[in-house]
Amino acid sequence: MSAVLQNLVNQPYKHGFVTEIESDIAPKGLNEEIIRLISSKKNEPEWMLTFRLQAYEKWLSMSEPRWQNVKYPKIDFQSISYYSAPKPKKKLASMDEVDPELLRTFEKLGVPMHERAALAGVAVDVIFDSVSVATTYKEKLAEVGIIFCSISEAVQTHPELVKKYLGTVVPVGDNFYAALNSAVFTDGSFCFIPKGVKCPMDLSTYFRINTEESGQFERTLIIAEEGASVSYLEGCTAPRFDTNQLHAAVVELIALDNAEIKYSTVQNWYAGDEKGIGGIYNFVTKRGLAKGANSRISWTQVETGSAITWKYPSCILRGENSVGEFYSVAVTNNYQQADTGTKMIHIGRNTRSTIISKSISAGHSNSSYRGLVRISPTAENARNYSQCDSMLIGNQCSANTFPYIQVNNNSAKVEHEASTSKIGEDQLFYFLQRGIDTEEAVSMIINGFCKEVFQQLPMEFAVEATKLLSFKLEGSVG
Amino acid sequence: MSTATSHSYLDHLVQSWQKPSTSSWLDQLRANAMDSAGALRMPTTQDEEWRFTDISPLSRLPYPVAQSTFKVQLSDIEHYYLEEASCRLVFVDGQFAPELSNIAHNAGAIIGNLSSLLPTHGDTIARYLGQLAEFENDVFTALNTAFLRDSACIIIPANKSVTTPIHLLFISRQTEVTSYPRCLLIAEAGSHATIIEDYITTEEASYVTNSIVEMNLADSAHINHIRVQRDNQQAFHIGNCTVSLAHASQYHSVSITLGAYISRYNLNVILSGEGAECAADGLVLISERQLADTHTFIDHAQPHGKSRQLHKCIVDSMAHGVFNGKIMVRPHAQLTDSAQLSRNLLLTNKARIDTKPQLEIFADDVKCAHGATVGQLDKEEIFYLKSRGLSDLTARNLLTYAFGGEVIDRIPISSLKRQLEEIVLARTQIS
């Protein structure tokens, strides 16, 4: 491993700054009163409060999971503030009305919202510390009957839809962090694609964690009715902080007959400094239910940030002929830890799933793939193909693979392959000999390694991801 | 359920244990093991290592330790003898049976049971016995060590090559008891031998076999290890084998699992010297309500190690196969080359497989790959054979047999290979 690469990896986090906006912060700690406070602040109906309280009750009876292959100090759930919102100004109709301070923040992050919106046709639902500030293109989407808004707005305007689907894929007591999220979530996105509608543009949200020590609990719910299709993008950057921040989001996807949902994530939150101090804890529950026949759910993720990433975007393939896909690139450096993978639960007949997972570990980091492929007795002719490749850069890091394969039906066909490799001296030599310097060579090798996943990303994300990876690993190989 | 009833198997055994009268190293070892056994509990499916293997049926059985009074008729077991193996150690319910054994033609190796070798080789045995099989965290290892009365002991002197295989025949003769077979192998530098570990029974009712094998391979030693488990379908079989490989030593093993109602085989191989090599193959062939669980752990602790593993399961009727293959590459074990493949064939729609090939890698300059497949017979292959004039049934039988045959083929002893081929053939033919 060369010094050049070391230097390249050790680039400081480019998105570390705090925007000074007056925040409305709830006192630290979690109890029933705080939940009632969140609910009343958001002017929620009674059933929503009941949902939260049920989740809270479950959460109290659960204990923090310890089976994962990551290490972190015990989280004090009573020292977190569970609600923080920018002070409401006035309802905004256009981008011009947005707080200029906020706009400058996005500018620094390289998110030219209006420009991007106009050029790429992306409607961006901006989440700034839990509250949706501005939603663009809403009207255009409304024309075809698509509802795309913040979940708190959806609770007000479409309570029947939220009530019908919320918590059906990830029940309130599903796991410790999902229960916590269900009890205290403040905002998130809601998306409903009605019968037969193909969403005319990629939908997108940007998450930012702003107020220091405010854990962010996002809740996303996407429903695609019969024959509908949608591609949803989630991109993340967070400012630099030295205290660890907890992020426990829940994402639920529901696809009915012939529907298609594609969910893409690029995650680049603050990963802590080179000594492993600070950084975000990203403990997320993401699950899609392919409920109808011929439905399809596809997860694509590029995980480069967070001190700890711990998530398993999963697919429950209930409908006949339904398809589940998982494409992932996880990059860890310094003292980052990632325990990520997927679950493919085959229930319906002729269900198919594909898993492509690439992990790159450098520095002192630790990366694990943990996956489950379960073929239920009812899943006749189910088919799964999994491939997990790991690349190690340096001898202080580690890569682990924990694939669980459970087959209860003899007509199923399940294949799993995994390999581990490194960037070889001879590979680098080959590039150098052709006049390509080490830095570029490494970037090319890594991009080649991750190509199968990047191909699944929407265009602008693919560009971003390629760049991210190169500066993330700059200096770590050689 | 109260803990008293759920753990009565363990409680019963712990209570029946008698404190040894002497303070010899062996009795001290037993006493330490019993302390561990007393502090441990029976594993449940809540334990990650036993997640798919529910041994609660065993937990309820108050099977005492087997007594040593039972005799076996030569005619009952003669057909298990192997013509190549001139050297044979027979144990009945864990106790040495000298009248059935033959250790005359030992080709220079030191072979015998524990009590016969203690006077002459006590120091060597004391140095190795119970060292690899750690009992602190494993209740079955702790029980075996606590009730250690006899053991097969094999010492292959340095640079000695034992050309004929050494056959260890463990017979279960009593029912509703627990027996504790044990084997200690010390292969000195540059030695070479083939060991066959064979579990059979003459009975048709339930019993428990809890076996431990410890193999120590010194520099450049080369050991072939064939393990055959053919208990009856009511039996419980828990087997533990730990192998330590020194510099440039080679360990090749083939494990065949055919019997037992619930069986578990743990194979731990530690490549503790540079350039060690390990091949661990397995075939599990089960039917009815059998459950066979194989856990292997190949630990690359030093550089330049090489490991190969092919594990196959053929699961018929309502049987359940479990495989967990963990490969660890420690931080300094650079240039490790490791490959593992788990292949599984489900013959009916009630059969079940849980497989988990697992890699944990802490070194960057390594080559590690693993794969797993679960499925049924390939339609293309069946079609090919049918196009050559075979009936559908014959084609299926042939392919099933060939699936298992690949592992049997790796056994270097032709008479044993023939025996097993016949069993696999008989078990895989549906008419």
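Strand 22 of chain A, residues 383–393, is mostly covered, with eight of its 11 residues buried. The model is a predicted one, in which local features need pLDDT of at least 70 and side-chain atom pairs count only at pLDDT 80 or more, whereas totals for chains, interfaces and linings use all residues. Residues are numbered from 1 along each chain as its sequence is written, while chains are lettered from A and ligands numbered from 1 in the order in which they are written. Strands (E, at least two residues) and helices (H or I, at least four) are DSSP runs, numbered from the N terminus. A residue is called buried if 20 or more other C-beta atoms lie within 10 Å of its own, exposed if 12 or fewer do, and partly exposed in between, with C-beta atoms placed from the backbone.

Strand 22 of chain A has partners within its own chain. Two strands are said to pair if DSSP finds at least two bridges between them. Strand 20 of chain A (residues 352–362) runs parallel to strand 22 and is joined to it by 11 bridges. In this pairing, Leu392(A) in strand 22 is opposite Ser361(A). Strand 24 of chain A (residues 413–421) also runs parallel to strand 22, through nine bridges. Here Arg383(A) has Lys413(A) in strand 24 as its bridge partner.

One of the positions involved is Ala418(A), whose bridge partner in strand 20 of chain B is His370(B).

How many residues of each chain are in contact across the interface? On the side of chain A there are 29, and they meet 30 residues of chain B; contact means that the C-beta atoms, placed from the backbone, of two residues lie within 7 Å. Strand 22, strand 23 (398–407) and strand 24 of chain A each contribute at least two residues to the side of chain A that touches chain B. Strand 23 of chain A gives the most, with 10 residues. By type, this side of chain A holds 11 nonpolar, 14 polar and four charged residues. In this count, Ala, Val, Leu, Ile, Met, Phe, Trp, Tyr, Cys and Pro are nonpolar, Asp, Glu, Lys and Arg are charged, and the others, Gly among them, are polar.

Chain A has 12 helices and 24 strands, and 55% of its 478 residues count as buried. Among contacts in chain A with a separation of 6 or more, 85% are between residues 24 or more positions apart.

Elsewhere in chain A, helix 3 (residues 46–61) packs against helix 9 (residues 176–184) at an angle of about 150°, with axes 7 Å apart. Axes are lines fitted to C-alpha atoms, for helices over the stretch in contact, and angles run from 0 to 180 degrees between N-to-C directions. Residues of helix 3 of chain A, including Phe51(A), Tyr56(A) and Trp59(A), meet residues of helix 9 of chain A, including Phe176(A) and Leu180(A). The residues of this contact comprise eight nonpolar, one polar and two charged.

Asn321(A) lies in the loop between strand 16 (314–317) and strand 17 (323–332) of chain A. Its phi is near 60°, a positive value in a residue other than glycine. Most residues other than glycine have a negative phi. Asn321(A) counts as partly exposed because it has 18 C-beta neighbours inside 10 Å.

Chain B, across the interface, carries a record of its own. UniProt, in an unreviewed entry, places the feature "domain: SUF system FeS cluster assembly SufBD core" at residues 171–403 of chain B. UniProt positions are given in the numbering used here, feature names are shortened, and annotations may be inferred rather than shown by experiment. The span of residues 171–403 of chain B is 9% helix and 58% strand, and its end C-alpha atoms lie 29 Å apart.
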